[in-house]
Amino acid sequence: MVRQGTQPLNDYLRIFEALNDAVERLGKVSDSPRLDAELLLACALEVQRSYLFAHPEDEIDPAAAIRFESALKNRINGMPMAYIAGEKEFWSMPLIVSPATLIPRPDTELLVEQVLIRIPQRAEWKIADLGTGSGAIALAIAKERRLCHVTATDISEDALSVACENAQLLALPNIEFSAGDWTTPIAGSVFDLVVSNPPYVATKDPHLAALQFEPTLALDAGKDGLDAIRRLAESVPDILRPGGSLLLEHGFEQAPIVSDILRRSGWCNIALINDLEGRPRVTAANRSRDRYTSYSS
């Protein structure tokens with residue numbers, strides 16, 4: 001019997017009934033209620049999504065029904081699908097994610113692309129990823145440049161645990177992780193390239209409310225959203241070889257200010273890179289041969 005309203009799912013509901021009900025319930029909170037329902041049910045049943053289409057008349061056992069109802073309630077309450085499923089694809093890699101890490105965004109693949117453009121195929125460079133979170137950026141670089149050694153840092157040990165697990169699952173030996181604040185855990189080392197997707201949301205930005213399930217530490221960057229970028233602009237030259245590159249992701253409206261911060265901190269060859277919609281989302285710069293050279297106008 002098909003359940004009406006929003007009461008919990010009955011045991012032994014058939015697959016097609018559960019999906020129809022879930023789609024109705026998710027319609028008010030999701031832009032893709034059918035897809036969400038299918039993914040949640042497949043996860044609860046521990047089957048591939050294709051199984052649902054091939055076996056619509058199958059009954060759902062009580063344990064799976066409980067798992068599905070719990071996941072459904074979380075989604076209705078706004079929890080992102082990636083946290084419910086526990087994974088998210090990035091750069092064609094399945095990555096474990098948790099509330100300790102940001103959910104990797106497709107936009108961030110632009111940052112990876114720009115990093116790879118700057119690293120020769122056979123280079124044996126040392127790369128640093130600062131504020132690695134789930135490890136998405138560092139792992140993508142390690143995957144594509146096997147001769148390079150990637151060091152990833154994060155102040156959150158819970159996030160680093162997720163990143164370490166992802167590295168193990170992907171069997172990438174050319175990466176290591178260090179706990180600490182930005183460059184602090186790798187002070188004294190020298191890298192050929194440094195990359196970061198730092199926090200860049202202002203403390204009072206209304207968009208933070210929509211990101212309530214993601215770690216505030218990885219989002220909130222002070223009054224104007226630029227505290228982390230200022231810190232990186234000042235500290236990264238200490239671990240970067242002269243002429244080495246720094247690449248940063250940021251909000252597209254922040255691009256002019258980010259360029260100014262870097263210029264005032266002595267960086268040179270500052271370049272903005274646009275996303276597919278023509279918005280500047282990545283800034284690249286080089287460490288000057290003399291980091292104390294002033295580029296102020």
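This is a predicted model: local features need pLDDT of at least 70, side-chain atom pairs count only at pLDDT 80 or more; totals for chains, interfaces and linings use all residues.

User: Where does the pLDDT fall below 50?
Analyst: One stretch is residues 1-7, where the pLDDT is below 50. That stretch still has 13 contacts in the model beyond near neighbours in sequence. Residues 292-297 are also below 50, with 9 contacts counted in that way.

User: OK. How many helices and strands does the protein have?
Analyst: There are 10 helices and 9 strands. The C-alpha atoms fill a box of roughly 75 × 40 × 30 Å along the principal axes.

User: And what share of the residues is buried?
Analyst: Buried residues account for 51% of the 297 in the protein. As for contacts between residues at least 6 apart in sequence, 64% of them join residues at least 24 apart.

User: Let's do helices. How do α1 and α2 cross?
Analyst: Helix α1 covers residues 15-26 and helix α2 covers residues 33-45; their axes come within 8 Å and cross at roughly 130°. Because of that angle, α1 is oblique to α2. The crossing of α1 and α2 is right-handed.

User: Which residues meet there, α1 against α2?
Analyst: On the α1 side you have Ile-15, Ala-18, Leu-19, Asn-20, Ala-22, Val-23 and Leu-26. They meet Pro-33, Arg-34, Asp-36, Ala-37, Glu-38, Leu-41 and Leu-45 of α2. By class, that contact of α1 with α2 has 10 nonpolar, 1 polar and 3 charged residues.

User: What about α1 and α4, how do their axes run?
Analyst: The axes of α1 and α4 (residues 62-76) come within 10 Å and cross at roughly 20°. So α1 counts as roughly parallel to α4. The α1 and α4 crossing is right-handed.

User: Who makes the contact between α1 and α4?
Analyst: From α1, Ala-18, Ala-22, Arg-25 and Leu-26; from α4, Phe-68, Glu-69, Leu-72, Lys-73, Arg-75 and Ile-76. The classes in the contact of α1 with α4 are 6 nonpolar, no polar and 4 charged residues. Ala-18 takes part in the contact with α2 and in the contact with α4.

User: One more pair: at what angle do α6 and α7 cross?
Analyst: Roughly 40°, with the axes of α6 (residues 109-118) and α7 (residues 136-144) coming within 10 Å. Here α6 passes α7 in a right-handed crossing. The contact uses Leu-111, Val-112, Val-115 and Leu-116 of α6 with Ile-137, Ala-140, Ile-141 and Glu-144 of α7. That contact of α6 with α7 has 7 nonpolar, no polar and 1 charged residues.

User: Switching topic. Arg-122: buried or exposed?
Analyst: Arg-122 counts as exposed, because its relative accessibility is 66%. Arg-122 lies in the loop between α6 and β3. Its C-alpha is 8.4 Å from that of Arg-146, 24 residues away along the chain.

User: And Asn-166, buried or exposed?
Analyst: Asn-166 has 0% relative accessibility, so it counts as buried. Asn-166 is in helix α8, residues 157-169.

User: What is Asn-166 in contact with?
Analyst: Leaving aside neighbours within four places in sequence, Asn-166 is in contact with Pro-94, Leu-95, Ile-96, Ser-134 and Leu-139.

User: Now backbone angles. What is phi at Trp-91?
Analyst: Near 55°, which is a positive value in a residue other than glycine. For background, most residues other than glycine have a negative phi. Trp-91 is in the loop between β1 (87-90) and β2 (93-96).

User: Why does Trp-91 count as buried?
Analyst: Because the relative accessibility of Trp-91 is 16%, and buried means under 20%.

User: And Asn-269, what's its phi?
Analyst: Asn-269 has a positive phi of about 50°, although it is not a glycine. Asn-269 lies in strand β8, residues 267-274. At 59% relative accessibility, Asn-269 counts as exposed.

Definitions and conventions
Residues are numbered from 1 along each chain as its sequence is written. Side-chain values use heavy atoms; hydrogens and water are left out. Axes are lines fitted to C-alpha atoms, for helices over the stretch in contact, and angles run from 0 to 180 degrees between N-to-C directions. Helices (H or I, at least four residues) and strands (E, at least two) are DSSP runs, numbered from the N terminus. A crossing is left-handed if the near helix is turned anticlockwise from the far one by less than a right angle, and right-handed if clockwise. Contact means heavy atoms within 4.5 Å. Ala, Val, Leu, Ile, Met, Phe, Trp, Tyr, Cys and Pro count as nonpolar, Asp, Glu, Lys and Arg as charged, and the others, Gly among them, as polar. pLDDT is the predictor's confidence in each residue, from 0 to 100. Angles under 35 degrees count as roughly parallel, over 145 as roughly antiparallel, 65 to 115 as roughly perpendicular and the rest as oblique. Buried means under 20% relative accessible area, exposed over 50%, partly exposed in between (1.4 Å probe, protein chains only).
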